[in-house]
Amino acid sequence: MAVLRIPDENQTITDPKAIAKYLSAIGIHYEQWEPAHVMAEDAPEEEVLETYADEIEKLKESGGYITADVIDVNPKTPNLEAMLAKFDREHWHDEDEVRFIIQGRGLFHIKPSQGPVVAIEVAAGDLIRVPRGTRHWFNLCGEREIRAIRLFQDAAGWTPRYTDSGVDKGYEPVCLGPQYIPSQPSKN
Ligand SMILES: [Fe+2]
């Protein structure tokens, strides 16, 4: 369940349609895939990609994406801090950042070209597409766990380009949605 906040305006939106509408106005595509497919939490990457093959194919066609993979991040991920530190400062990419969340949750901050900073908390069932060139940064929530399908137009393009604006320091990475509780120990 996604939660959208506009911290500078003390505004919070939880209705998925209203979230999609707000984000659309600043160029961010958001939708919920319902019903999400049922899978074991530790289903291997191949099974995840196979299970979501139809949805992935549609996305590839609509956005020119050529590859998909599954990213797993949790407290046992090696070098977790270093990995997170790459993305928690304002940056942009030469290609879209497309994530479909399967498990866990995370927090994108978007700095639109016009208008206030938006914090969008994404969880299982949420698809978000941050277009190339959009300024943004990303944090995990307290439980530090997320599993997501990623799509790429060109894997080489997905390199953070930092703005060093410092704008990210003005926003607390606060998550408001339900905490993710794994039903079984992570295998990693
Ligand atoms: Fe990014």
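Predicted model: local features only at pLDDT ≥ 70, side-chain atom pairs only at ≥ 80, totals over all residues.
The chain holds four helices and 11 strands. Its C-alpha atoms occupy a box of roughly 40 × 35 × 35 Å along the principal axes. The radius of gyration is 16 Å, which agrees with the value near 16 Å for a compact globule of 188 residues. Of the contacts with a separation of 6 or more, 78% join residues 24 or more positions apart. Buried residues account for 32% of the 188 residues in the chain.

In soluble globular proteins, nonpolar side chains tend to be buried together. In this model, the largest nonpolar core has 37 residues, and the members that touch the most others are A2, F108, I120, I128 and I149. Two or more residues of this core are given by each of β1 (3–6), α1 (16–25), β6 (97–111), β7 (118–123), β8 (126–130), β9 (135–140) and β10 (146–152). Strand β6 supplies the largest share, seven residues. When neighbours within four places in sequence are left aside, I120 is in contact with A2, L4, L23, F108, I110 and I128. Among these partners, A2, F108 and I128 are also listed with I120 as touching the most other members of the core.

Helix α3 spans residues 53–63. One of its 11 residues is buried, so the helix lies largely in the open. The helix is followed by G64, which has a positive phi, near 70°.

Technical notes
Residues numbered from 1 in each chain as written. Buried ≥ 20, exposed ≤ 12 C-beta atoms within 10 Å, placed from the backbone. Core = buried A, V, L, I, M, F, W, Y, C linked by C-beta atoms within 7 Å. Contact = placed C-beta atoms within 7 Å. Rg over C-alpha atoms; globule rule 2.2 N^0.38 Å.
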